[in-house]
Amino acid sequence: MLFELFGFSKIQRIEKTYRNSQKLIDIAGDFVMKNPIQFKKNLKSDKQNDLPIKLIGYQKDKVDALTIAIDDIVNQYGEKTEILLLGRNNFDLSFLEDSINFNLVKNKKTGQTQIFYNKNKSLKILFLTVHKSKGLEADNVIIINAENNLVGFPNKISDDPLLSWVLTDSDNYDFAEERRLFYVALTRTKNITYILTPEYKTSVFIKELQKNYTIKYITIGHEQSISENPNCPRCKSGKMVLRTSRKKNFLGCTNFPKCEYTINRVDVLTKQIKCDKCGSFMVRKKGRYGIFYGCTNFPKCKNSKNLSEV
């Protein structure tokens with residue numbers, strides 16, 4: 001039918017990019033094509049940057065994480081550089097509304113919000129949602145909502161019923177549309193994409209980036225980072241962190257309540273010895289014949305080692 005209407009046709013692929021570095025498109029391209037039905041591309045670039053993505057982990061203060069990203073950009077690219085903040089939702093910028101370090105001015109005609117950084121007011125900083133950023137670019141990009149929650153990135157709210165009429169039924173890969181949207185966010189930059197992520201509620205997309213690619217991770221200096229904490233033996237993706245209940249310290253998974261795995265021995269944080277039987281951790285214990293290493297999963301796992309074996 002199409003041939004009868006239009007005659008002979010041929011697919012022409014545009015696979016040369018002048019915006020992103022080769023390393024960035026390698027990571028972003030591989031990430032989006034994890035979906036097996038995603039249209040395949042083999043993008044090429046002459047630009048080089050070995051660390052095109054930087055994660056900034058924070059525990060409490062996202063404003064501090066943002067200032068670290070901005071200051072790092074200025075140190076590398078100067079005060080005349082252009083910075084684009086990207087949010088998954090329009091309200092993602094609300095964390096700056098009461099900040100003494102930033103002033104927000106919304107342009108009613110364009111819908112864009114301009115951010116003035118009081119430490120350096122000459123900087124050009126704009127905010128857009130990722131949807132509105134399609135087709136646009138900036139010198140550097142900061143993704144500000146890489147959180148694991150209902151309206152984080154990926155957004156977990158069910159699609160509008162009307163949307164099902166225009167989306168293909170075969171695209172049932174987990175967070176397929178959100179994955180494509182995250183690809184858009186990663187590739188708006190000419191230089192580096194910074195991603196702000198809470199260490200206790202890290203987006204599943206960020207965990208995937210950390211697992212599969214070489215990504216630079218920065219933590220806020222005055223906070224204790226959990227990036228080096230042991231992974232949860234049960235769910236594999238969470239981190240074991242210190243918690244307190246009834247004045248008793250223990251380790252719990254950051255994916256709680258989805259993962260309820262706990263360990264009563266907090267010394268696992270300082271010395272991580274994996275159990276080669278069940279995948280949990282070995283800790284020092286005192287038995288009838290002296291000190292030895294036993295599994296934290298005892299009595300389900302009775303694996304033990306002599307001190308000389310560790």
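Buried means under 20% relative accessible area, exposed means over 50%, and partly exposed lies in between, with a 1.4 Å probe and protein chains only. By that scale Glu82 is partly exposed, because its relative accessible area is 23%.

The model is predicted: local features need pLDDT of at least 70, side-chain atom pairs count only at pLDDT 80 or more, and totals for chains, interfaces and linings use all residues. Residues are numbered from 1 along each chain as its sequence is written, and side-chain values use heavy atoms, with hydrogens and water left out.

Start with the interior. In soluble globular proteins, nonpolar side chains tend to be buried together. A nonpolar core here is a set of buried Ala, Val, Leu, Ile, Met, Phe, Trp, Tyr and Cys residues joined through side-chain atoms within 4.5 Å. The largest one has 31 residues. Ile53, Ile143, Phe153, Phe182, Ile195 and Leu209 have the most contacts inside it. At least two of its residues come from each of α2 (22-32), β1 (53-58), β2 (82-87), β5 (124-129), β6 (140-143), α4 (176-186) and α5 (204-212). Helices (H or I, at least four residues) and strands (E, at least two) are DSSP runs, numbered from the N terminus. A second, separate core of 26 residues includes Tyr58, Leu66, Leu96 and Ile115.

Now follow α4. Of its 11 residues, 9 are buried, so the helix is largely enclosed by the rest of the structure. Among them are Glu178, Arg179 and Phe182. The buried residues of α4 pack against α2, β1, β2, β6, β7 (193-198) and α5. Contact means heavy atoms within 4.5 Å. Leaving aside residues up to four places away in sequence, Phe182 touches Phe31, Ile143, Phe153, Ile195, Phe205, Ile206 and Leu209.

Turn to charge. Side chains of opposite charge can pair when their charged atoms come close. A salt bridge puts a side-chain nitrogen of Lys or Arg within 4 Å of a carboxyl oxygen of Asp or Glu. The structure holds 13. One joins Glu147 and Lys62 (2.9 Å, N to O). Glu147 lies in the loop between β6 and α4, and Lys62 in helix α3 (residues 62-77), so the pair ties together parts 85 residues apart in sequence. Glu147 counts as buried at 18% relative accessibility, and Lys62 counts as buried at 12%.

Glu82 returns here. Its side chain meets that of Lys124 in a salt bridge (3.6 Å, N to O). Lys124 sits in strand β5 and Glu82 in strand β2, so this pair ties together parts 42 residues apart in sequence. Lys124 is partly exposed at 43% relative accessibility. Elsewhere, salt bridges link Arg19, Glu137, Asp139 and Lys190 in a network.
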